[in-house]
Amino acid sequence: MSNNIFFAIQRTLKRELKRMVSRPIYLLGSVGVMAFCYIFFLSFMNEGQPQKMPIAVVDLDNSSFSRQFVRNLQTTQHVNIVEHIFTFKEAREQMQRGEIYAFVFIEHDFYKKLATNRRPNMTFYVNNAFLVAGSLSAKDISYMCLITAGGIQRQVLRAKGVADSQIVGIVQPIAVDMHSIGNPWINYGTYLLNVLLPTMLHLMTLMLTAFCIGVELKERTSKEWLENADNSMFAGLVGKLLPYTFIFIILGIIGNLLLYKFMHFPLNSSIGWMFLATCLLVLSGQALGIFFIGLLPVLRDGITVAGIFGTLSVTAAGATFPVEQLPYFIRELTLAFPMRHYFLIYVNQALNGVDVSHSLTKFIILLSFNLLPLFVYRRLKSAAINMNYPTK
Amino acid sequence: MNDKKNKSSLLVNFKAIVKGIWQNFIHELKTTFHDRGVVIMFIIGPLIYPLLYSTLYLNETLVDVPIGVVDNSHSSFSRQIARNIDATENLKIYSNYSSLAEAQKAFENSDIHGIIYIPKNINYKLSNNEQATVSVYCDVSSFMYYRTIFQSCSYCILNMSKKIQIQRLSAAGITGASAAMIADPMPYQNISLYNAGGGLASFLLPGILVLILFQTLFFGITMLAGTSREENRFHLLVSGNAHRGRIFRVISGKAILYFLIYSVWIFYVLGIIPQLFNLPHIGNSVDIINLMIPFLLASIFFSMTVSVFIPNRETSMVLFMFMSIILLFLSGITWPQSNINGFWRTFAWIFPASHGIQGYIKINTMSADLQHVSFEYISLWIQAAVYMFTTSWAYHWQLKKATKEKDNA
């Protein structure tokens with residue numbers, strides 16, 4: 001019996017390998033797409049964090065003080081002063097054109113007021129319609145304002161005869177010492193790529209699994225597929241999906257190596273746990289692919305659901321917006337997404353380097369996605385034999 | 001005499017063209033609405049998807065993120081810090097911990113997303129006019145956590161710092177106007193002109209909405225093309241029999257249908273949804289419509305050009321679903337457009353979606369006029385023209401092949 005199954009799997013495998021090279025979609029959809037994604041994301045975000053974003057200055061004061069401020073601002077990490085503008089309206093319009101992400105407005109007689117203790121106003125306008133660009137440039141500008149104000153405070157205090165040892169305590173009585181756990185560089189690529197690349201892998205696993213089963217139903221070859229596997233659905237599925245399991249796991253491991261070894265993103269535990277999580281992610285993707293096409297044994301429906309599920313995984317993982325803060329019913333729903341569990345493993349293992357016992361349940365849940373095909377086993381088999389579903 | 005004849009033949013010709021377009025339009029209308037898959041793409045997709053995404057990102061900002069306090073000084077001052085932080089909208093004190101190690105354990109269990117550490121010597125330093133330090137540790141698994149914790153804590157501590165500053169100044173004998181001058185010599189203000197709350201949905205969703213229009217249109221058109229190829233005897237896009245008209249009539253018949261369907265969606269997705277979910281909508285509607293005309297035309301002809309290379313009904317879904325995420329990045333909303341390198345910026349230029357998203361955000365969220373988005377607007381018209389040309393060329397090629405195959409057969 002077990003020998004029979006083994007041969008059935010072997011026969012299906014041979015059949016599938018032939019099918020795989022018969023049409024370009026199989027290799028394009030796995031190796032092609034993933035290679036594109038790796039190249040795209042790694043070259044797209046090679047800066048890590050957006051540097052030197054264009055901003056403008058409206059310097060109506062034009063004193064040596066304000067020019068010094070502008071020069072100092074120019075040296076910060078995130079902003080690059082590309083324009084000197086002379087009216088507020090023009091600056092606002094440049095912002096609306098998307099040419100600049102922020103501008104600093106220095107009022108008339110700024111230095112004169114400062115020198116005569118009249119506390120002039122410094123205002124900067126930020127475009128939060130592009131949230132990342134806006135908040136990063138705001139951070140640098142407000143930092144520069146704070147430092148400049150500190151410099152003035154120091155000068156005045158010295159003039160008042162306050163001892164240097166006391167000045168620090170007056171200028172800044174409490175200092176904040178910020179630590180970002182696991183990603184001290186606040187690298188933006190770390191946030192995104194660690195989720196986006198596995199999600200892409202997951203999406204393509206889902207789609208291709210649903211496709212390679214569904215296409216048999218559509219082309220009415222599913223009966224032949226099963227007969228070739230001794231009418232064993234198990235052998236048929238294993239033989240059929242094994243090549244893709246292999247390809248996607250290889251692609252996933254390449255992805256892990258790119259992230260942790262090539263890009264040197266934070267990896268605070270053994271890379272082996274990430275390899276394991278990637279393997280389980282591929283398997284759960286395939287299980288879900290079988291589940292979708294079994295539930296809706298029409299090729300187009302199967303891949304539509306797989307595609308929607310795959311793209312929703314980005315949100316469900318919780319990297320863009322934390323899951324804990326999503327509306328309640330959606331929060332519970334995210335548990336149905338393998339990417340959610342993968343993400344939690346990544347946060348615990350790679351980012352925070354927590355003991356692996358914290359991730360144990362997540363590994364088990366990821367593994368248990370493989371039970372899903374059991375629910376559609378009979379439905380899929382009867383669909384494959386009777387071929388009674390529409391083809392389009 | 002001759003002139004009259006010419007005129008009447010022109011009229012006949014014109015009538016024939018209109019009739020040809022009309023026939024193709026009706027033919028396409030029937031195929032579209034008989035195909036359940038295409039109906040899902042053209043009707044259900046644009047109807048449901050915006051609702052789904054708007055619901056997902058309903059909460060714009062983080063509220064009451066749990067953080068822990070490790071208070072080693074046990075002073076009234078440290079308790080004041082904790083109370084002030086607890087009082088912010090964004091953070092709440094989940095618990096007090098006796099040591100950093102204990103707080104770390106809670107962090108590992110994901111009970112808390114940040115830790116505030118107040119050292120033992122803080123009271124000593126405060127009463128000795130020295131600079132004291134408060135440490136903040138934050139979770140960076142999501143950019144939102146980092147941003148929220150960083151901003152709220154710095155704001156609270158800066159605020160308390162100011163109070164102490166005034167005390168110390170008066171202790172040094174500086175009071176009144178000169179104390180105010182030293183405490184805040186140049187008051188600075190951070191004003192966000194658009195998306196003042198810094199909400200994630202207000203920032204991300206307008207782009208996603210345009211993307212939904214583009215992607216459903218693309219998948220619908222390529223699915224139709226793949227199907228007609230599968231059903232075609234020679235596996236070509238058009239058959240000599242089905243469309244006896246000329247290329248122009250075939251293409252315009254189809255394009256008009258898609259355009260009409262999607263002009264309804266423009267109003268719903270870009271007009272009603274932002275109002276319904278209170279997303280930014282300060283743009284001039286006439287400008288938005290003005291921008292969306294070339295956007296739709298460019299998207300339709302782009303999809304029709306690509307559809308020539310789509311052999312099967314499902315191919316485009318499998319191969320291009322992942323582009324949804326790529327296009328969101330190429331459009332330059334998450335990663336600033338100024339920082340996209342030349343190669344990918346040129347690559348992004350190919351897709352009508354990137355200009356559509358940029359243009360829509362500038363008009364809708366930032367209240368720009370059409371003249372401010374002239375780059376996007378002109379690019380979209382150029383794309384519409386170029387892709388119309390490529391579509392005609394591709395259809396012409398297919399039709400020629402079809403006649404040739406027919407002759408051979």
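How many residues of chain A are in contact with chain B, and how many of chain B with chain A? I started there, keeping in mind that this is a predicted model. I got 97 residues of chain A in contact with 91 residues of chain B. Next I looked up what supplies the chain A side: helix α6 (residues 131-159) of chain A gives the largest share, 14 residues. I also sorted that side of chain A by class and noted 59 nonpolar, 30 polar and 8 charged residues.

**The sheet**

I then asked myself which strands the two chains pair with each other. Strand β4 (residues 122-127) of chain A and strand β5 (residues 188-194) of chain B run parallel, joined by 6 bridges. For a landmark I wrote down A:M122, which sits opposite B:Y188 in β5(B).

At the β2(A) end, I checked the pairing with strand β1 (residues 53-59) of chain A: the two are parallel, over 6 bridges.

**Positive phi**

A:H264 is not a glycine, yet its phi is positive, about 55°. I placed A:H264 in the loop between α10 (233-262) and α11 (271-295) of chain A. Is A:H264 buried or exposed? I counted 10 C-beta neighbours inside 10 Å, so A:H264 goes down as exposed, the cut-off being 12 or fewer.

In chain B I noted B:S367, also other than glycine, with a positive phi near 55°. B:S367 lies in the loop between α14 (352-364) and α15 (374-408) of chain B. Here I counted 19 C-beta neighbours inside 10 Å; buried needs 20 or more, so B:S367 counts as partly exposed.

**Domains of chain B**

Last entry: I looked up how chain B is divided. I have domain 1 as 18-57 + 199-408 and domain 2 as 65-183. Taken over C-alpha atoms, the centres of domain 1 and domain 2 of chain B are 51 Å apart.

Terms used: Residues are numbered from 1 along each chain as its sequence is written. Chains are lettered from A and ligands numbered from 1 in the order in which they are written. This is a predicted model: local features need pLDDT of at least 70, side-chain atom pairs count only at pLDDT 80 or more; totals for chains, interfaces and linings use all residues. Domain bounds come from an automatic or database domain assignment. Two residues are in contact if their C-beta atoms, placed from the backbone, lie within 7 Å. Helices (H or I, at least four residues) and strands (E, at least two) are DSSP runs, numbered from the N terminus. Ala, Val, Leu, Ile, Met, Phe, Trp, Tyr, Cys and Pro count as nonpolar, Asp, Glu, Lys and Arg as charged, and the others, Gly among them, as polar. Two strands pair if DSSP finds at least two bridges between them.
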